[in-house]
Amino acid sequence: MSTSAPGRIEVEVAGAQPYRITIAPGLLDDGAALAAQVRGRQALVLSDDTVAPLYAARVAGALRAARPELSLAHFALPAGESSKTLHWFGRAIDALAALGARRDACVLALGGGVVGDLAGFAAACWMRGIDCVQLPTTLLAMVDSSVGGKTAVDLPQGKNLVGAFHPPRAVLADTGVLRTLPPRELRAGLAEVVKYGAIVDAPFLDWLDAHADALLAMDDDALAAAVARSCAHKAAIVERDPFEHGERALLNFGHTFGHAIETEQGYGGLNHGEAVAVGMVLAARLSETLGLSRPEDGERLRALLTRFGLPVALPAGLDAESLLAHMRLDKKAQAGGLRFIVWERAGRARVLSDVPESTVLAALRS
Ligand code: NAD
Ligand code: MG
């Protein structure tokens, strides 16, 4: 990874085409920046029906001004996780077929992680792989899903069960679009931002604390800085471990607990970022129970998440045994025992296998 200029991060994974993440307000109106990533003469703007009315015409207008010869098509999914399915994947493929997309066509993924994951998977499959340019519009997509090349759709049996590794051609994160993001979605993204501090960058937690008001007020500079630092961490981890054989698993800090909460609530309670916030507090408590970390670190994490308006305790009515049952089935679990990302202190996380169920229950109940 190299950071050639503020707001620019190059991602270099061995054996794959390197790509650049650019972070700045106004990128969606920058026809030259967009056009520079479209190699051929065909592009499909793939979005959802909330984001498309807000931003698709701007992207199309900027692109057309820069590249009048471009053949441009649009496709929008209904907004929300319930569209991240094989059905809507099929409709996206239909849109590529209707465009007559060739090998050098480009999919522009304009939206949050749902659009990014589905568009990336459609690009991975069309003619065994065409370019996908990620134009993330949620904070979560900017700091997490648009970087790293994981693409997927969900099945009724579980999240992200059908997918592929397909790194983007480029990521252009226009932080200006965060202004229209519902506050709850902003906070969800902040939970993942805090995660980077928790797993690899303790000074970032201090920075986040100092800039919490600016971030919550959607200050452009503060947001761009938080996105850049988060992306730099994600890029560095993905470069060292692109296929999650080791270190990339640290990105799941708080996620084993979080996924169990989301599943137990039937995906209608806490959203992903909120569940991860609670999950990180529980992971800190688990680490403490195992004698790995000090209570002060857990307190500090909890205070920062609270400041960002995120939940830090299990929602009422959730049963510890049921949560444990979900964790046994977690995709990240392996044969032979529960596996968690724990921390030794803020900024220093590691994978721990064979965690006794009794200890997990104790952390859930304390
Ligand atoms: P999302 O894509 O559903 O977006 C959240 C909501 O915000 C949607 O209703 C969307 O229409 C709306 N929205 C998006 N941008 C907006 C804007 N600028 N203004 C107003 N509204 C806007 O959800 P998400 O949180 O971005 O992404 C979650 C998805 O990402 C999940 O499916 C998850 O599995 C996936 N994910 C993937 C990876 C990866 O590595 N591929 C990593 C993390 C998460
Ligand atoms: Mg996550």
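In this predicted model, helix α12 is followed by G309, whose phi is positive, near 75°. Helices (H or I, at least four residues) and strands (E, at least two) are DSSP runs, numbered from the N terminus.

Helix α12 comprises the 13 residues 295-307; at 1.5 Å a residue they should span 18 Å, and the end C-alpha atoms are 18 Å apart, which agrees. The expected span is 1.5 Å times one less than the number of residues. The buried residues of α12 are D297, G298, L301, L304 and L305. They lie on the same side of α12, because they cover an arc of only 130° around the axis, taken from the directions from the helix axis to the C-beta atoms. Buried means under 20% relative accessible area (1.4 Å probe, protein chains only). Their cover includes α6 (183-200), α7 (202-210), α11 (272-289) and β11 (338-345), with contact meaning heavy atoms within 4.5 Å.

Among the 26 residues around ligand 1 (a heavy atom within 4 Å), E81, G113, T137, T138 and T180 come nearest. Polar contacts (pairs of N or O atoms within 3.5 Å) are tabulated below.

| Residue, N or O atom | Ligand 1 atom | Distance |
|---|---|---|
| K159, side chain | oxygen | 3.1 Å |
| V177, backbone | nitrogen | 3.1 Å |
| T180, side chain | nitrogen | 2.7 Å |

The protein covers 87% of the 870 Å² of accessible area that ligand 1 has on its own (Shrake-Rupley method, 1.4 Å probe). Elements giving two or more residues to the shell are α2 (51-66), α4 (113-125), α5 (139-145) and β9 (158-165).

Residues are numbered from 1 along each chain as its sequence is written, and chains are lettered from A and ligands numbered from 1 in the order in which they are written. In this predicted model, local features need pLDDT of at least 70, side-chain atom pairs count only at pLDDT 80 or more, and totals for chains, interfaces and linings use all residues, while side-chain values use heavy atoms, leaving out hydrogens and water.

Definitions and conventions: Buried means under 20% relative accessible area, exposed over 50%, partly exposed in between (1.4 Å probe, protein chains only). A polar contact is a pair of N or O atoms within 3.5 Å; within protein, one must be able to donate a hydrogen and the other to accept it, and residues adjacent in sequence count only if both atoms are side-chain atoms.
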